[in-house]
Amino acid sequence: MLTLPIYLDNNATTPLDPRVLEAMLPYMTNMFGNAASRNHAFGWQAEEAVDYAREQIAALINCSPKEIIFTSGATESDNLAIKGVYEMYASKGNHVISVTTEHKAVLDTCKHIEKIGGKVTYLQVNSEGLIDLKELEEAITDKTILISIMYANNEVGVIQSVREISAIAKKHGILFFTDATQAVGKIPVDVEADGIDLMAFSAHKMYGPKGVGALYVRRKNPRVKVTAQMDGGGHERGMRSGTLNVPGIVGLGKAAEIAKQDMESDTARISAMRDRLEKELTTIEESYVNGSREHRLPHVSNISFKYVEGEGLMMGVKDLAVSSGSACTSASLEPSYVLKALGLSDDLAHSSLRFGLSRFTKDEEIDYAIGHVKEAVSKLRELSPLWEMFKEGIDLDSIEWAEH
Amino acid sequence: MAYSDKVIDHYSNPRNVGTLDKSKASVGTGLVGAPECGDVMRLQIEVDENQVITDAKFKTFGCGSAIASSSLATEWLKGKSVDEALAIDNMAIVEELALPPVKIHCSVLAEDAIKSAINDYRVKNGLPALELAKTHH
C-alpha cells in the first residue's frame, strides 16, 4: 500500500527507527536518572546506558568510547570543534581552512572566527563538488591550526577525499576536523583509517532522535583538546557541560549499532533505488545530475530540470516531500550557494530538486515519484516561456533580461 | 509555508495559458523577470479597435505564486479597456491571492508584465510608451 505524501527528504532528517524508539522508551519513564548522579541506582543505571551508547558509537566509527563527546546535535558539535580548537590552540596560530560548500553551521562559525580576529581561507570546489588537494596544501601557512572540510555534502551528497586531506593535515601538523553529519551511519567512516582528529555527527540523520549528536575528539596521536563553549558542571571530560540527554544518547547509540549491522544491505538496496530514480528522471529532456556521481552518498540525487522553477515544481509534486535549491524556498531569495559553488548558473540552481532516500523507502514509492515528477515537469514546461523559447531555438543568453 | 486555496486553484488549473501571434499589430507582449532570479513572465494581450482587451495569454517560469499571479492577471484583463488595465495594482493581486510578504514580488512582476504588454501594444501602434513607475523589486 502506498501512503501519500512520500518522504524523500532524508538529508534533512530521517524518521526514527522503531528499534531505536524501543531502546529509548525506558529512559523516558522508569529509568530517568541523571547520569551524573554517582551515589544511587538511578544515576548508575543512566550512566551505564550512556557508557553503552558510547561503545556502540565507538564501534561504528572505530574509536575509543572515551573519545565521544555528546552534544545537542551537529550544529553544536561544529561550533565546539571550530571555536574550541581556535581558542585552545591560539598560541599556535589563528588560521583555519574550510570550503565554500560547507553547511551553514560550519560557515557561520568560521565567520565568527573571522570576527574575533582569526583568518579563514575558503577553498573552492570544481564542478563535481570536490576540492583541489593542491589548493588545500597551498593554502596552508605557518599560522594554520585547523582544516575543516565536510565528509559528504548535504545538498549533492558529494564525498570529499578525506584520506588525502587528512594526510596533508598530518604532514603539516595541522588538526583535521570533518562535519560528517551526512556520512556517519550511511557509508563506512573510520576515524583511524581516515585520519580524522575531530568529527561532528548527529543522531537524526541516521534514524535516531533529534536533539542529540556527538563530537569525536581524538585522544592519541595527537591528543586533541577543545575549549568548552559552555560553562557548567564539567561533563564530558570538561568539554561540554550540561546534564546528559540520556534517552537521546541511548537512541544515538542504538542507531549507530543498527547502522553498523545493516549498512551493507541497506546501501545495496537504497543505492539501487536511487540509481533507478536517477536513470528514469534523467530521461527527461534537459535534466542534469548535480555533483560527482562517482564520489557520492548512496542515497542522494540532486537533479536540475531546466526551464522549470524548483519551488513551482515542488508544488507540482505535492505528494512528494523533497527539497529544492531554488531561491523561493528560503527567505533569502538567493538560490543554493552549494550549487552555485559547483558552477551552476542561477537558473539551473533554481531548477533543482534534491531526492534523499532512506532505509524505509519502498520500490513502489520510487515508481510513484518517477511518474509524478515526469508529469509535473512536463506540465510546468507547457507553462514555461523559457521552454517555449528553447524549443524555438532562441538563445536565452541573447535576451536582455530586466534587472530584478 | 502553506499556499492559499486561490493560489493552488490557479496553479492547478491555470487560466489562459498560451501564446498569441506577436507579429500582429493588435497584440502586445510583455516579457519580464529573469531566469537567474527564478521567475520570468510573458503576458500577451490582444486589443480591438475600441481599445478593449479581447484576449490575454500567459506563460510563466516561476513558483506557484508567480504562476497564479499571472493567471489571475489574464483573467482580469479580458474585457477591460487598456486604460482600465493600466490601473490594475499589484496589491489587488496580493489581496485576491492572499500572498504572503515574501511573495509580493510575484504580484509586482505581474503588474510589470501588464504594463509592459500595454507599452508594447502602444509602441506598435504609434503611441508613445508610458513611463513605468514600478520596475524594480
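Guide: Start with a cut-off: a residue is buried if 20 or more other C-beta atoms lie within 10 Å of its own, exposed if 12 or fewer, and partly exposed in between. Keep in mind that this is a predicted model.

Visitor: Why does B:Ala98 count as partly exposed?

Guide: B:Ala98 has 13 C-beta neighbours inside 10 Å, so it counts as partly exposed. Exposed would need 12 or fewer, and buried 20 or more. B:Ala98 sits in the loop between α4 (90-97) and α5 (104-124) of chain B.

Visitor: Which residue of chain A has a positive phi without being glycine?

Guide: A:Glu286 is one, with phi near 55°. A:Glu286 is found in the loop between α8 and β9 (287-289) of chain A.

Visitor: Why is A:Glu286 called partly exposed?

Guide: A:Glu286 has 15 C-beta neighbours inside 10 Å, so it counts as partly exposed.

Visitor: What makes β5(A) mostly covered?

Guide: The count again. In β5(A), residues 144-148 of chain A, 5 of 5 residues are buried.

Visitor: How do you know that β5(A) and β6(A) pair?

Guide: Two strands pair if DSSP finds at least two bridges between them. β5(A) and β6(A), residues 175-179, have 3 bridges and run parallel. A:Ile147 has A:Phe176 as its bridge partner. A:Ser148 has A:Phe177.

Visitor: Which other strands join in?

Guide: β3(A), residues 95-99, is joined to β5(A) by 3 bridges, in parallel. There, A:Val96 stands opposite A:Leu146. β6(A) is joined to β7(A), residues 198-202, by 3 bridges, also in parallel. A:Phe177 has A:Leu198 as its bridge partner in β7(A).

Visitor: What makes a right-handed β-α-β unit here?

Guide: β5(A), helix α6(A) and β6(A) make the unit, with the helix at residues 162-171. Point the strands away from you: in a right-handed crossover, the path from the first strand over the helix to the second runs clockwise.

Visitor: Where are the cis peptide bonds you can show me?

Guide: One runs from A:Leu4 to A:Pro5, with omega near -5°. A:Pro5 lies in the segment before β1 (6-7) of chain A. Another joins A:Asn221 and A:Pro222, with omega about -5°. A:Pro222 lies in the loop between β8 (213-217) and α8 (246-281) of chain A. Most peptide bonds are trans.

Visitor: How many residues of chain B are in contact with chain A?

Guide: 27 residues of chain B are in contact with 25 residues of chain A. Contact here means C-beta atoms within 7 Å. β1(B) gives the most to that side of chain B, with 4 residues. By class, that side has 14 nonpolar, 9 polar and 4 charged residues.

Definitions and conventions: Residues are numbered from 1 along each chain as its sequence is written. Chains are lettered from A and ligands numbered from 1 in the order in which they are written. This is a predicted model: local features need pLDDT of at least 70, side-chain atom pairs count only at pLDDT 80 or more; totals for chains, interfaces and linings use all residues. Helices (H or I, at least four residues) and strands (E, at least two) are DSSP runs, numbered from the N terminus. Two residues are in contact if their C-beta atoms, placed from the backbone, lie within 7 Å. Ala, Val, Leu, Ile, Met, Phe, Trp, Tyr, Cys and Pro count as nonpolar, Asp, Glu, Lys and Arg as charged, and the others, Gly among them, as polar.
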